[in-house]
Amino acid sequence: MLETSARLLQLLSLLQMRREWTGAALAERLSITERTVRRDIGKLRSLGYPISASPGIAGGYQLGAGAQLPPLLLDDEEALAVALGLTAVATGPVTGIGEASVRALAKLEQVLPGRLRPKFSALRQSVSTLAGPGGGVDPEILTAFSSGITERRVVAFRYTAADGGSARRMVEPYRLVSTGRRWYAVAWDLERADWRTFRVDRCNSTPSQRERFSPRPLPATDLAAYVQESITRNPYRYSVVVRLAAPLHAVAEQVPPDVAHVSADGPGHTILRGGWDSLDLPLIRLTAWGVPFEILEPPEMRERARRAAALLQQAAEIPPTAESGKPHGPSH
């Protein structure tokens with residue numbers, strides 16, 4: 001049975017290597033008869049591999065695409081190439097496939113042969129990526145979180161909070177969420193007995209797995225929306241809501257999802273909700289966009305806008321007291 005299974009894996013590897021094989025060529029490579037080749041092809045088909053056969057002297061066997069993805073066999077170089085590619089995509093700006101890349105990378109690293117691990121580590125350390133607008137993320141930390149989520153295991157890691165304090169955290173991880181600029185982990189903090197959102201680039205160590213945990217009810221049905229609410233409003237002193245005289249698609253191009261939440265308010269207006277510790281920064285950003293806007297919340301932001309407008313009006317109307325580059329005092 002072991003000999004047959006090994007031969008099937010070798011046959012599958014050959015079929016994945018090139019487009020078409022004749023029965024005679026496969027028999028020669030595997031040191032078996034063509035009859036055995038036909039029997040093994042039938043076994044692979046029963047396992048879900050779509051293998052077509054064309055008759056005649058020039059005919060042969062060809063591995064096609066099926067409704068489901070069957071297991072793939074990769075040689076050493078192919079496995080390293082796929083792992084490096086997944087690492088680049090997982091930490092890159094491509095929208096919508098980062099989380100899937102992390103899961104795939106976690107699966108691949110789990111079965112990566114020991115002889116390839118040092119080479120993969122050396123290659124990954126030798127490759128650098130220009131930093132984007134968000135913080136850099138270690139792929140090992142992402143895959144460690146992903147494994148903890150899949151296997152329902154508590155993970156422990158050191159974490160630097162927004163105030164700069166560093167501490168060891170023990171959490172039950174449930175979901176990884178990418179904003180396109182940063183990665184966040186949604187987890188139940190065992191010490192604080194509450195849900196927390198962690199910025200993955202603030203993890204100072206790779207999460208290590210501990211005991212298994214039983215899933216608990218999630219804090220929200222849509223965890224992506226939960227993360228956005230958590231990182232754009234809850235941690236801040238002021239919750240700002242404004243109505244802009246611009247369509248949603250135009251505002252969304254200017255506002256990253258980890259800065260504020262935007263929603264349509266009719267065909268030509270957009271509601272923006274975000275959190276800030278100071279009211280000056282949102283006023284500066286909103287004014288710089290050059291789009292008319294209405295302040296809905298908080299009331300003190302309207303007063304801050306009136307004072308800023310008065311100062312700007314005064315600055316615009318007062319003539320300069322001296323020409324550029326000349327002293328202000330009287331000349332002698």
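Visitor: Which residue stands opposite Arg273 in S10?
Guide: His261 does. This is a predicted model, where local features need pLDDT of at least 70, side-chain atom pairs count only at pLDDT 80 or more, and totals for chains, interfaces and linings use all residues. Residues are numbered from 1 along each chain as its sequence is written, and side-chain values use heavy atoms, leaving out hydrogens and water.

Visitor: How many bridges join S9 to S10?
Guide: Five, and the two strands run antiparallel. Strands are DSSP runs of E with at least two residues; helices are runs of H or I with at least four; both are numbered from the N terminus. Two strands pair if DSSP finds at least two bridges between them.

Visitor: What's the strand order in that open sheet?
Guide: S9-S10-S8-S11, with antiparallel pairing. Strands S9 (260–264) and S11 (293–297) are the edges, each pairing on one side only.

Visitor: Which helix packs on the sheet?
Guide: H10, residues 280–289. Helix H10 touches S8, S10 and S11; contact means heavy atoms within 4.5 Å.

Visitor: Switching to H3. Which residues are buried?
Guide: Thr36, Val37, Asp40, Ile41 and Leu44. Buried means under 20% relative accessible area, exposed over 50%, partly exposed in between, with a 1.4 Å probe and protein chains only.

Visitor: Why are they on the same side of H3?
Guide: Because they cover an arc of only 140° around the axis. The arc is that of the directions from the helix axis to the C-beta atoms.

Visitor: And what is exposed on the other side?
Guide: Arg35 and Ser46.

Visitor: What follows H3?
Guide: Gly48, with a positive phi near 105°.

Methods. Axes are lines fitted to C-alpha atoms, for helices over the stretch in contact, and angles run from 0 to 180 degrees between N-to-C directions.
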